[in-house]
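Visitor: Please take me through this model one question at a time, with the cut-offs behind each term.

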Amino acid sequence: MDYSFRIRKGLYLLFFLSLSGVLCVSIHYSLPEEKKSGSVVANVLKDLKLGPGELSAHRAQLVSKSSKQYFQLDTHSGNLFVNDKIDREALCGKMDSCLLLSEIVLQNPIKIYNIEIQIKDVNDNSPKFSKKEFELAVPENVPTNTRFPLESAQDMDLGENSIQNYTLSPNGNFGLDVQSTEFGSKYVDLVLETPLDREKETQLGLTLTAVDGGVPQRTGTVLIKVNVLDINDNFPQFTQSEYKVKLKENSPHGTVVSKVEARDLDFGSNAQITYSFHRVPENIEHLFYLHDSTGEITVLGPIDYEKETSYHINIKATDGGGLSGHCKVLVEIEDENDNAPEISVISITSPLAEDSPLDTVVVLFSVIDRDSGDNGRTSCSVEMHLPFLLKTTVNNYNQLVIQSPLDREKVPEYNITITATDRGSPRLTTKRTITVLISDINDNSPGFEKAKYEMQLWENNIPGLLIGSVHAVDLDVEQNAQVTYSLVPGNASGAPVASYVSINSENGNLYVLHSLDYEQIKEFQVTVKASDGGSPPLSSEVVVRVVILDENDNAPFFLYPLQNSTSPCNDLVPKSVEAGYLVAKVVAVDGDSGQNSWLSYELLKATDPGLFSIGAQNGEVKTRRALLERDANKQRLIILVRDNGHPPQTSTATLNILPVDGFSDPYLNIASVSQEGREEDGSLTMYLVVCLAAVSIVFLICIILFVVIKMQKKESSFITQFPPPLPEIPETSVDSQSGSLSRTYHYDVCLTGGSLSSEFRFLRPLIPVFSMGDPNISQNLRISSVSQDTPDQMEVQDHRELVSK
């Protein structure tokens with residue numbers, strides 16, 4: 001009755017909500033229980049006045065109001081099918097009306113249709129007694145027409161399918177009296193029709209049969225053993241005919257519900273009272289325990305307010321003589337907040353386009369709490385930082401809509417946690433996480449990894465060589481993220497860029513189309529465009545600078561002596577020179593750049609390998625020792641120049657050196673000099689190069705001293721003065737005895753106009769160098785200071801001194 005009343009209240013609430021603007025229509029169907037899964041209940045299209053396909057178009061959903069989905073809806077045909085076998089007795093128990101409530105929810109706009117399906121009873125249960133055998137103790141002096149209440153059989157079916165009558169097996173003492181209660185149930189009393197005589201028969205065996213009214217008819221039987229007792233003339237009497245108690249649901253096992261008490265005025269065994277349940281449903285014995293001697297009722301099984309709100313328990317007190325008394329116990333169950341809200345998702349829009357407009361419905365769901373009162377009232381919430389807003393509609397339905405723009409590149413998916421909380425104490429909460437994927441639109445252009453690329457390429461490359469690769473990334477996905485590369489039309493060094501390079505449209509690899517020469521083009525720039533595959537496509541550009549690297553593909557070239565010249569190159573050197581004298585300076589150039597143009601010189605061949613050396617870096621040809629009389633009158637040097645490339649390239653040139661005694665010497669006739677044959681190769685050592693540099697420095701110092709002396713004497717002559725270089729003291733120019741002082745020489749150069757040759761005379765040193773501690777130092781100094789003879793005398797004297805050394 002209470003459950004039916006709550007259903008009627010819910011229907012009234014739905015009616016008032018329908019007046020507020022939301023369409024709510026109720027449809028009623030009936031269905032026999034035990035129908036197989038897949039059985040058709042009805043077609044809702046005609047009742048809802050909808051056409052074919054409208055259920056699918058409005059995304060119709062069948063929402064069950066019970067904890068189990070017993071039906072399913074075919075949105076194409078409109079047929080309502082049985083989803084699971086329905087047992088009316090398990091679903092509604094003894095309730096007269098068994099309704100399964102569901103709702104058909106249509107979206108855009110929201111329409112709600114209430115479906116009430118009446119489950120009809122079928123005769124699928126036989127009457128059943130709680131025991132197979134009952135024992136009844138009856139005193140022999142019990143008068144006729146005495147009634148003995150018997151335990152009724154239980155039949156889970158209703159109406160005509162429930163118990164309609166009882167029959168008793170033929171006997172000579174007892175008959176049956178079947179009566180109906182105000183609730184429609186049957187109870188039976190055993191009526192003594194003829195007096196008992198214990199001396200004739202101490203025990204009677206009777207068979208009680210319960211018969212229902214279904215088709216086919218079902219029956220249940222029980223054996224009644226009647227024990228005839230001696231006289232017991234007092235019946236047990238309860239202190240109260242009815243007990244009322246309240247019990248909280250989910251009370252633990254062993255909780256005391258109530259305690260009944262009965263009294264018997266008899267003595268002895270006739271006054272010993274035993275308590276037992278009487279005419280109670282089977283589930284009462286599973287939920288409560290009655291102590292047979294104390295009359296205390298305790299909790300035995302789980303008490304659930306949502307299944308049953310109250311229990312009516314009949315208790316019988318039987319004394320030792322077989323007499324009994326009866327009472328009723330009414331147990332009212334108090335609701336506890338023991339059911340958390342249930343979140344049922346109706347529809348989810350996933351994937352969701354990132355450009356979806358605001359207020360687009362993402363999730364539609366309902367929340368149900370099976371508790372009552374405040375325990376059954378719920379509220380919902382979602383996280384605050386999400387771009388979604390929760391809106392509440394009618395009948396506990398909620399919508400999750402977009403409240404701010406979406407961006408898939410920032411957040412590709414959302415895990416939305418819906419929290420439902422009831423108002424009970426303590427409050428119970430249910431959370432459900434829903435994943436919504438965000439679909440991509442083409443709103444991002446490709447972006448290159450670098451703002452500008454620089455690539456290097458060796459000259460003389462192979463056509464089709466890979467220079468490098470550019471790479472662009474598009475934050476979109478799938479087709480919108482497929483990047484293709486192309487060259488932007490333009491010129492590089494006066495020619496189209498497409499004539500220099502090409503690009504792979506798929507991976508961005510750049511290839512050179514033909515061989516390049518560093519000496520002609522050192523670098524160029526191309527612009528690469530990256531486009532995605534969206535509609536419309538988006539693109540971006542980047543500048544690629546291609547630098548040509550130099551290879552060692554040019555051999556050094558001699559400028560002096562001129563390479564490949566038809567006339568020989570001759571240089572004059574006085575025979576009186578000492579080690580370190582600068583004879584000539586070789587000059588070569590290289591068309592390459594960088595270290596490929598770094599040149600080094602070496603003496604490949606020489607007439608006398610030990611006489612001359614060449615500076616590896618500056619190309620200066622110097623004497624390694626003083627010229628001797630036995631040295632050849634013409635020295636032929638083959639000089640090799642090598643660059644620093646890999647592999648290095650070399651060139652050679654020939655230099656002729658003519659030792660002469662003076663500028664008037666007939667050997668100065670350069671035109672008469674003929675080339676000599678190839679001479680033996682020789683190797684130079686580093687100390688000879690250093691000696692040559694030292695002699696040159698000493699020579700310059702001597703010239704300076706000589707000019708100073710001449711200016712003091714104010715003598716005029718045809719002497720050209722050479723400016724002194726910065727003083728140097730090479731290691732090889734130090735005297736072999738002292739190692740501290742350097743030698744200084746004086747040179748006279750006589751130039752004659754119109755002559756093909758010049759005269760170079762080597763004079764004696766103005767300041768001789770002696771070893772430290774030499775006793776002849778003062779004497780030698782005096783000789784040097786007065787030896788200012790004619791130039792010829794000085795030359796002869798100096799020449800002799802050198803020869804003697």
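**Strands, contacts and surface**

Visitor: Which residue in E22 stands opposite Ser 276?

Guide: This is a predicted model, in which local features need pLDDT of at least 70 and side-chain atom pairs count only at pLDDT 80 or more, whereas totals for chains, interfaces and linings use all residues. Residues are numbered from 1 along each chain as its sequence is written, and side-chain values use heavy atoms, with hydrogens and water left out. Strands (E, at least two residues) and helices (H or I, at least four) are DSSP runs numbered from the N terminus. In E22, the residue that stands opposite Ser 276 is Lys 316.

Visitor: In what sense do E19 and E22 pair, parallel or antiparallel?

Guide: Two strands count as paired if DSSP finds at least two bridges between them. Strand E22 covers residues 310–318, and over 4 bridges its pairing with E19 is antiparallel.

Visitor: What order do the strands have in the open sheet of 4 strands, and what is the average twist from one strand to the next?

Guide: The order is E16-E23-E22-E19, with mixed pairing. Strand E16 (242–248) and strand E19 (274–277) are the edge strands, each of which pairs on one side only. Angles run from 0 to 180 degrees between N-to-C directions, with axes fitted as lines to C-alpha atoms (for helices, over the stretch in contact). From one strand to the next, the twist averages 30°.

Visitor: How many bridges join E16 to E23?

Guide: Strand E23 spans residues 324–334 and runs parallel to E16, and Val 245 stands opposite Val 331 in E23. The number of bridges that join E16 to E23 is 7.

Visitor: Which residue takes a positive phi in the hairpin of E22 and E23?

Guide: E22 and E23 pair in the antiparallel sense over 9 bridges, and Asn 314 stands opposite Lys 328 in E23. Their hairpin has 5 residues between the strands, and the positive phi, near 95°, belongs to Gly 322.

Visitor: How many of the 10 residues of E30 are buried?

Guide: Buried means under 20% relative accessible area and exposed means over 50%, with partly exposed in between (1.4 Å probe, protein chains only). Strand E30 (residues 413–422) is joined to E27 (residues 378–381) by 4 bridges and to E31 (residues 429–439) by 9 bridges, running antiparallel to E31. E30 is mostly covered, and its buried residues number 8.

Visitor: Which residue makes a polar contact with the side chain of Asn 480?

Guide: Asn 480 lies in the loop between strand E35 (472–473) and strand E36 (484–487), and it counts as buried because its relative accessibility is 13%. A polar contact is a pair of N or O atoms within 3.5 Å; within protein, one must be able to donate a hydrogen and the other to accept it, and residues adjacent in sequence count only if both atoms are side-chain atoms. At 2.9 Å, the side chain of Asn 480 meets the side chain of Asp 440.

Visitor: How far apart are the closest N and O atoms in the salt bridge of Arg 545 with Glu 523?

Guide: A salt bridge is a side-chain nitrogen of Lys or Arg within 4 Å of a carboxyl oxygen of Asp or Glu, and the structure holds 19 of them. Between Arg 545 and Glu 523, the closest N and O atoms are 2.5 Å apart. This pair links distant parts of the chain, 22 residues apart, with Arg 545 in strand E42 (residues 539–549) and Glu 523 in strand E41 (residues 523–531).

Visitor: Which strand gives the most to the nonpolar patch?

Guide: Patches are made of residues with over 30% relative accessible area and no salt bridge, with like charges joined within 9 Å and nonpolar side chains (Val, Leu, Ile, Met, Phe, Trp, Tyr) within 5 Å. Accessible areas come from the Shrake-Rupley method with a 1.4 Å probe, and for residues only the protein chains shown count as cover. Phe 557, Leu 559, Tyr 560, Leu 562, Val 587 and Val 589 form this surface patch, with about 470 Å² of accessible area together. Strands E43 (557–560) and E46 (587–589) each supply at least two of its residues, and the strand that gives the most, with 3 residues, is E43.
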